[in-house]
Each structure stands twice: as structure tokens, then as C-alpha cells.
Amino acid sequence: APAFGASFQQLQWVLLAYLLASTNLIVGAGRLGDLIGRRRLLLAGISLFSLASVLCGLAPTLGFLVAARALQGLGAAIMMVLAMALVGEALPKAHAGRAMGLLGSMSALGTALGPTLGGLLIAGFGWPAIFVVNLPLGLLALGLVQRYLPADHRKPSVGGPRFDLLGTLLLALTLAAYALAMTLGRGPFDPLNAALLAAAALGAGLFVRIEARAAAPLIRLAMLARDRALTRSLAMTALVSTVMMATLVVGPFYLAQPAFGLDAVRVGLLMSVGPVVAALA
């Protein structure tokens with residue numbers, strides 16, 4: 001906040017831009033992998049994430065940082081989806097469950113280390129360091145993917161249903177309207193917030209209608225209607241993720257208040273407690 005002289009409402013977009021970008025692409029990244037090759041797309045995602053991280057560290061203004069974070073979110077969405085898909089494709093089914101559990105544990109461990117290491121980097125080198133540090137990690141990941149993951153055997157798809165561009169754009173607009181409705185202003189809802197919330201609700205309804213008729217939908221609604229267990233699982237995941245992300249977004253700002261007297265390192269340590277427990281579980 002002091003680096004850009006920004007308010008909390010403005011700073012939220014550093015995280016919201018990342019989450020909106022990753023959410024918009026994460027449902028379509030698997031389909032993109034089918035179209036252009038999973039290994040090829042994973043390499044592109046790692047490269048985009050690494051480049052965007054450097055741009056974040058070099059950001060001269062808050063607007064530039066938000067734009068770079070959106071690019072970073074696109075790269076992250078590709079990495080999250082294709083890492084799981086490639087594990088399921090490369091390993092026999094007998095070992096897939098263990099590999100998925102290991103991936104989940106590493107993700108939780110990374111979430112636990114992030115606040116602690118981030119606090120140390122901020123205290124020692126300033127906030128750009130938490131982004132620039134991703135460059136060597138990205139280069140390492142690129143090398144490991146090139147060396148150990150097999151090349152795409154299936155040629156990129158040239159026929160049949162294509163990527164659901166209309167659904168993706170509508171989802172992006174709907175989520176952006178909802179995010180703006182929740183973050184604009186500094187007091188109670190005003191007519192602009194209400195209009196944005198109504199636009200988000202309308203967009204959600206249109207998205208459901210379009211997906212029901214799309215040749216290659218982002219979300220197969222018929223499958224959700226048939227499989228009640230999957231629907232309940234997704235609903236529970238949404239609730240859990242809402243609680244977790246609300247904590248991760250608001251928590252650092254709350255703990256960094258002068259009344260607590262906590263520096264960046266201690267805030268990072270406190271934020272790491274939950275993910276550590278999750279990694280062990």
C-alpha cells in the first residue's frame with residue numbers, strides 16, 4: 001500500500017486480477033490442451049507465468065501491476081489444470097491417487113511457505129522480490145518439463161468442436177461484474193453496485209443457457225444434472241474455497257494493522273499455520 005499510495009479497495013485488485021484470470025481460463029485450459037497439445041501448452045503456461053512475474057516485480061504503477069497479475073493468473077490456470085491432467089495421463093491408475101495426493105500436499109506446502117518466505121523477502125529486499133523469485137523457479141520447471149515429460153503424440157485438433165470462446169468471454173464479463181460490485185465504493189451498496197450485481201446475475205443466467213446449447217461447452221451441465229455426487233462435491237469445494245480465499249485476501253491486511261504490532265515476517269508466519277496443517281492432512 002505505501003509503495004503506490006493505494007486504498008484497500010484498490011489493492012484488492014492485485015489479487016482479484018489474478019483470481020479472475022485464472023478462474024476464466026481454468027475451465028477451458030483442459031480443452032485448449034486437447035486442441036494444441038498438453039505438454040506444449042504447459043510449457044507456454046510456465047513461460048507466461050515466469051514472464052508475468054518479472055513484469056510484476058518491475059511494475060512502476062498499481063495499474064501495471066494489476067495487468068501483470070492478470071497475465072500471471074492465465075499462466076497459473078494452465079499450470080494447475082495440465083499438471084493434474086498430465087499426471088493422470090502418464091501414470092497407471094493404481095498410482096494416480098497417490099500422485100494426486102502428493103500434488104495436493106505440495107500445493108498446500110507451497111501455500112504455507114509463500115507467506116513466510118514472502119515476509120522474509122519483503123523485509124529483506126522489498127515487495128518486488130516476491131515476484132522476481134518466480135523467474136528461476138519457472139526456468140527450473142521449464143527444464144524439468146522438457147526433460148521428463150513425453151512429447152505430445154496426438155496432433156493438434158483441426159476438426160470437430162472448437163474452443164468455447166463465447167462462453168469464456170461471457171464468464172469473464174460475469175465474474176468481472178461481480179468482482180466490481182463487491183469492491184467498488186467505500187460504504188454501503190449504491191445504484192452502481194446494484195447494477196453491476198444485476199449484470200452479474202444476468203450474465204450467469206445467459207452463461208447457463210449458452211453452455212446448454214454449445215457444441216463444446218466449458219461446463220457440461222447435463223453431466224452435473226446426472227451425477228448428484230459430483231454436484232454436491234463441487235458445491236462443497238466452492239464453499240471451502242470461498243472460506244479459504246476470504247481468509248487469504250483479508251487476513252494479511254487485518255494482521256498488518258498497527259494495533260497488532262506485527263511486522264511482515266510475523267504476519268507471514270501466522271498466515272502459514274493453516275496451509276501447514278492442510279499439507280500434513
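I began with a term: a residue is buried under 20% relative accessible area, exposed over 50%, and partly exposed in between. I also noted for myself that this is a predicted model.

**Entry 1: Met 245**

I found Met 245 in helix 10, which runs over residues 228-255.

Next I went looking for nonpolar residues packed together. In soluble globular proteins, nonpolar side chains tend to be buried together. The largest nonpolar core here has 13 residues, and those touching the most other members are Leu 25, Leu 42, Ile 46, Ile 78, Leu 82 and Val 145. Helix 3 gives the most, with 5 residues. I also noted another core that lies apart from this one; it has 10 residues, including Cys 56, Leu 62, Ala 68 and Phe 131.

I then picked out Leu 42 and set aside its neighbours within four places in sequence. Leu 42 is in contact with Ile 78, Met 79, Leu 82, Leu 86, Val 145 and Leu 149.

**Entry 2: a patch on the surface**

I turned to the outside and found a nonpolar patch there. Leu 102, Met 106, Leu 109, Leu 113, Leu 117 and Leu 120 form it, and together they have about 540 Å² of accessible area. I checked Leu 120 on its own: it sits in helix 4 (residues 93-125). Leu 120 counts as partly exposed because its relative accessibility is 45%, which falls between the 20% and 50% limits.

Is Asn 193 buried or exposed? With a relative accessible area of 2%, Asn 193 is buried. I placed Asn 193 in helix 8 (residues 191-213). Not counting residues up to four places away in sequence, Asn 193 touches Leu 180, Ala 181 and Leu 184. Ala 181 is 12 residues from Asn 193 in sequence, and their C-alpha atoms are 4.5 Å apart.

Glu 211 is in helix 8 too. I looked for a salt bridge and noted that Glu 211 has none, though it is buried. The nearest side chain of opposite charge belongs to Arg 220, 8.7 Å away. Beyond four places in sequence, Glu 211 touches several residues, among them Asp 164, Gly 167 and Pro 217.

Notes:
Residues are numbered from 1 along each chain as its sequence is written. This is a predicted model: local features need pLDDT of at least 70, side-chain atom pairs count only at pLDDT 80 or more; totals for chains, interfaces and linings use all residues. Side-chain values use heavy atoms; hydrogens and water are left out. Patches are made of residues with over 30% relative accessible area and no salt bridge: like charges are joined within 9 Å, nonpolar side chains (Val, Leu, Ile, Met, Phe, Trp, Tyr) within 5 Å. Accessible areas come from the Shrake-Rupley method with a 1.4 Å probe; for residues, only the protein chains shown count as cover. A salt bridge is a side-chain nitrogen of Lys or Arg within 4 Å of a carboxyl oxygen of Asp or Glu. Helices (H or I, at least four residues) and strands (E, at least two) are DSSP runs, numbered from the N terminus. Buried means under 20% relative accessible area, exposed over 50%, partly exposed in between (1.4 Å probe, protein chains only). A nonpolar core is a set of buried Ala, Val, Leu, Ile, Met, Phe, Trp, Tyr and Cys residues joined through side-chain atoms within 4.5 Å. Contact means heavy atoms within 4.5 Å. Lys and Arg count as positive and Asp and Glu as negative; His and the chain ends are not counted.
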